[in-house]
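Please read them with the structure open.

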Amino acid sequence: MKISYNWLKEYINIDIEPEKVAKILTSIGLEVESLEMVQTVRGGLEGVVIGEVLTCEKHPDADKLSKTTVNVGNGEPLHVVCGAPNVAKGQKVVVATVGTKLYFNEQEITIKKAKIRGELSEGMICAEDELGLGKSHAGIMVLDPSAVVGTPAKDYFKIEDDYLLEIGLTPNRIDAASHYGVARDLAAYFNLEKPTKPTKPSVDGFKIDNNSRKIAIEVANPEACTRYTGITISNIKVGPSPEWLQKRLKAIGLNPINSVVDITNFVLHEIGQPLHAFDANAITGGKVIVKTLKENTPFVTLDGIERKLSSEDLMICNTQEGMCIAGVFGGLKSGISDTTTNIFLESACFNSVSVRKTARRYGLSTDASFRFERGTDPNITVWALKRAAMLIKEIAGGEISSEIIDVYPTPIDDFKVEYDLKRTTTFIGKEIPVNTIKKILEGLEIKIVKEDSEKLLLAVPPYRVDVQREADVVEDILRVYGYNNVEFSEKVNSTLSYSKKPDTHQIINLISDYLTSNGFNESMCNSLTKSLYYKDLASFPAANAVKILNPLSNDLSVMRQTLLFGGLESVERNINHRNLNLKLYEFGNCYKFIPDTDRTKDLLNSYSEDFRLGIWLTGEKTAESWIQKPQPVSFYTLKGYVHAILNRFGFDTENLTTDDAASDIFDYGLTYSYQNKPLISFGLVNGNILESFDIKAEVFFAEFKWNRVFEQSIGLKIIYKELPKFPEVRRDLALLLDKDVTYGQIQKLAFATEKKLLKRINLFDVYQGKNLGENKKSYAVSFILLDENKTLTDVQIDKTMANLIEVFTKELGAQIR
């Protein structure tokens, strides 16, 4: 939110530097994210002065140039060559002296001493567009004869620098979404030192000129419209806003449109109350009705787009059709134009949930909806209406042609909060004097209804939607008192607590450290995702998705059932930025809706939450270098990381049940189960899914059901043994086998044959070729033998290998090459 420092000072009497104001605002909870100087005229007219043309004669070598001398009030007159047709002796003019920087047609021009066609020129007599004061370039600016020579142009034209405070407004502090709201917070801060109150512009001069154009108001949906106030103003003349108003709007980044619209915007940013002006001639039937319309009713908004309305959208209507989406966006037909002469001015308080849903439904975000969504003050609608009406009458003329019609069937009372003075000390950790607390409450416009020595009964104004509990009041008091004024205690409090072993968080950190040390980056994706991802997906049916009732957008309409798609979004984004080699992991919850469950006792029975670990690999496993060629990641790269994690938990991967994971998620892959419970699925991501993300590279993905892995590992023991004292022996065999024989069969058969001496087996080469014969292949397998009690002899080794060869020959039909 943007706040103009000069504008802010209209509501609070302060004379301190903008930098200090920024620090104070940040300390009281309105964080100033940036502070920058804003110049009404770029360059601030530095180096530009008022001068008087003493002499003017034709340039001897140029028909369109004049040779002048100009008095700028600093001694010797300046020689200036001027090309303007209207320059003449005796004129008071605006002169840019040597060294001045002007900004003309988006270009920076530095005025230099130069010779033009042989004549010396020591400055420049300026036109209004060259100074940034207007658009005319017909000739130089000729000032009133009373202008004082030597006066800085900045002072003559009353150019004032401003400072723009960019406040990162939190959703609960909508009461500060205006210049007066910020001034109110500052006043509460300064009130601790001396009595300070914000100054709200007076509307005592408001009066009704006649009652010739009364427009009736009917609120058919009081739940969605708490208060609706309106008035008509007739015989106005819409035109450009005065300079002071344009300057205020431009300072906060708003473009002036016309006097009426600019005034509504001005009041919005002044006090925080959104207003809307209708062309009164477009209000058919002379009646405004606040209601909803039928589903899919077409409505054209101010941007010229036709939108199909929902039956839940609150509309401002005439007797025939809708005119405005309440609190969100105006309609094209009833908007203010240059030909508008009669207006109906609206000031209302709409239900925040209703406005928020409507704004999200159409992807609209306006200054009005921003405030209505968070909750506006129902008690300032009349004041804002009077303020705007008086400004319109002052600037656009006309007369106030109706009484204020105020529909407020159920007035909103102040929030009543019982406040325990001792609780403040408990919450804050410091005793704040009661008088200080009362001063802060007074500054925050929180009334003390009743008090005794221990408690206060407080009345909190409705615009403070975030202060409805005792803890909220304590927080408000503390932010104004100052967090930095609470000293550190010299006392240390501690509690002893028992935590279950193993520690879940410790294990997560352990696995995170392992993956990070192996070149992985942790990804954190949104739990809300697109429902489109689950369309026609059998592994994660759309019917099992947990749907959001009021989604921020269609891209965030359901809760994720798997970590896969969030990770693929990260992969896609990285690949688009030419970061092709990726190793990512994420810990996060996944959610599931189970339709066919009994929810009579507990609605949550239909929902489940599952913590998971996801791993994604794509691109090259090793970077290109002069030592080695780049190697792409593969299924076995991923399998290695999966096994390492499972081994760290104590699982023997040889004893896990293995199933084919090929599905609409994986082109191919494996699922590991333990005691008939799936622990992890991993493989190559299905090509159709990758195509939907426009990812052309292969992506390998693994998803651990973390809670299940953790639970199943609790009973597993990791056994440590001392290093063997005797040496290992390696023997290799080259086996000619049928094509359908697997390495797993060799491994299983070998360990079944030699249970004592055989420690490890490894397949280190596979060969297939025509010279081996049809449907044949060759495996080169190494065998590691060890006797833990003595050194192996050649006789033992040869006998063991002979037994293995015999079994391979007999059971697998192997031939030794």
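1. Basis. This is a predicted model, in which local features need pLDDT of at least 70 and side-chain atom pairs count only at pLDDT 80 or more, while totals for chains, interfaces and linings use all residues. Residues are numbered from 1 along each chain as its sequence is written, and side-chain values use heavy atoms, with hydrogens and water left out.

2. Helix pair. Helix α12 (residues 434-443) and helix α13 (residues 470-481) have axes that come within 10 Å and cross at roughly 95°. The two are therefore roughly perpendicular to each other (65 to 115 degrees). Axes here are lines fitted to C-alpha atoms, for helices over the stretch in contact, with angles from 0 to 180 degrees between N-to-C directions. Helices (H or I, at least four residues) and strands (E, at least two) are DSSP runs, numbered from the N terminus.

3. Residues in that contact. Val473, Asp476, Ile477, Val480 and Tyr481 of α13 meet Thr436, Ile437, Ile440 and Leu441 of α12 (heavy atoms within 4.5 Å). By class, the contact has 7 nonpolar, 1 polar and 1 charged residues. Nonpolar covers Ala, Val, Leu, Ile, Met, Phe, Trp, Tyr, Cys and Pro, charged covers Asp, Glu, Lys and Arg, and polar covers the others, Gly among them.

4. Aromatic pairs. Rings of Phe, Tyr and Trp (its six-membered ring) pair if their centres lie within 6.5 Å; planes under 30 degrees apart are stacked, over 60 edge-to-face and the rest tilted. The count comes to 26 aromatic pairs. Tyrosine 156 and phenylalanine 157 are edge-to-face, at 5.0 Å centre to centre with 90° between the planes. Tyrosine 533 and phenylalanine 565 have ring centres 4.9 Å apart and planes at 15°, so this pair is stacked. Tyrosine 533 lies in the loop between β30 (528-529) and β31 (546-547) and phenylalanine 565 in helix α15 (residues 564-576), so the pair ties together parts 32 residues apart in sequence.

5. Charges over rings. Lysine 200 lies over the face of tryptophan 383, 5.3 Å from the ring centre. The charged end of arginine 730 sits over the ring of phenylalanine 764, at 5.1 Å from its centre. The rule asks for NZ of Lys or CZ of Arg within 6 Å of the ring centre and within 35 degrees of the ring normal.

6. Positive phi. Arginine 117, not a glycine, has a positive phi of about 55°. Asparagine 775 also has a positive phi, near 55°, and is found in the loop between β42 (758-767) and β43 (776-785).

Key: Angles under 35 degrees count as roughly parallel, over 145 as roughly antiparallel, 65 to 115 as roughly perpendicular and the rest as oblique.
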